[in-house]
Amino acid sequence: MAYLLDTNAFFEILCETAEISLPGAKGYSEKIKGKPCYISRVTLIEIISVIGKYGRGETKGWQVCNRIIGENGEKCPNRFFNPGRKKWNRKRVMGMFKLVNEVTTGKSALLRLGVLPVTEPVLQEAERFIHNAVTHKFATMDAIIVATAKIYEREHNEKMTILTADKSLLGAIRMEQREMLAD
């Protein structure tokens, strides 16, 4: 069995490798030990944005709640406190970019991941899978990641498990597996 890491799982594993603590970590590093691991080319692109988000930080403070609380469109009058997130310094950001490069090019002694391409069969499978977004809330890029795993399984005749913290995406994957088993 092989693993395909979604962007959130890849980021958690990168942080653990770099000895950066992340609140709410799921312990993905233990799951993947000794197993073949991959990311989609999409994840390689998305991780730059995630590292950038941490590099910019997040301002703490009070924010207005914009949820609609009435059928007439009335908005919530409450506020909530966002504790923010300290901005990563340039050295840490550049270190994470370097780690991504080392991990995905086989130069890291700590962690190695293959990068799977986004091919025409992957895009065709993603077009089919994205219809699950009608009932489950997930993004287009997530459909490409799931499709990457399915095409890998088909081409290598090896089970591939997707590691993700995205509950909606997991729900769509599970629903589809149940439908496939019912046929």
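Helices, in the sense used on this tour, are DSSP runs of at least four residues in H or I, numbered from the N terminus. The model on screen is a predicted one, and by that numbering Glu176 sits in helix H7, which covers residues 167-182.

**Whole chain**

Along its principal axes the C-alpha trace extends over about 55 × 45 × 30 Å, and 41% of the 183 residues count as buried. Among contacts with a separation of 6 or more, 70% are between residues 24 or more positions apart.

Next, select Glu176 and show its side chain. The relative accessibility of Glu176 is 6%, and because buried means under 20%, Glu176 counts as buried. Its side chain is joined to that of Arg128 by a polar contact of 2.6 Å.

**H1 against H4**

Now move to residues 7-17, helix H1, and residues 90-105, helix H4, which pack at an angle of about 105° with their axes 11 Å apart. Since angles from 65 to 115 degrees count as roughly perpendicular, H1 and H4 are therefore described in that way. On the H1 side, select Phe10, Phe11, Leu14, Cys15 and Thr17, and on the H4 side Met96, Leu99, Val100, Val103 and Thr104, which together make the contact. Sorted by class, the contact of H1 with H4 comprises eight nonpolar residues and two polar ones, with no charged residues.

**The nonpolar cores**

Which residues have the most contacts inside the largest nonpolar core? They are Leu5, Phe10, Trp88 and Met96, in a core of 26 residues. Colour the elements that give two or more residues to this core, namely strand E1 (2-5), H1, helix H2 (28-32), strand E2 (37-40), helix H3 (41-56) and H4; of these, H1 gives the most, with six residues.

Centre the view on Phe10, which, leaving aside neighbours within four places in sequence, is in contact with Leu5, Ile39, Thr43, Ile47, Val100, Val103, Thr104 and Leu113. As a last stop, select Leu4, Phe129, Ala143 and Ile145, which are among the 22 residues of another core, lying apart from the largest one.

Conventions:
Residues numbered from 1 in each chain as written. Predicted model: local features only at pLDDT ≥ 70, side-chain atom pairs only at ≥ 80, totals over all residues. Heavy atoms only, no water. Axes fitted to C-alpha atoms, helices over the stretch in contact; angles between N-to-C directions. Parallel < 35°, antiparallel > 145°, perpendicular 65-115°, else oblique. Contact = heavy atoms within 4.5 Å. Nonpolar A, V, L, I, M, F, W, Y, C, P; charged D, E, K, R; others polar. Core = buried A, V, L, I, M, F, W, Y, C linked by side-chain atoms within 4.5 Å. Buried < 20%, exposed > 50% of the residue type's maximum accessible area, 1.4 Å probe, protein only. Polar contact = N/O pair within 3.5 Å; in protein donor to acceptor, adjacent residues only side chain to side chain.
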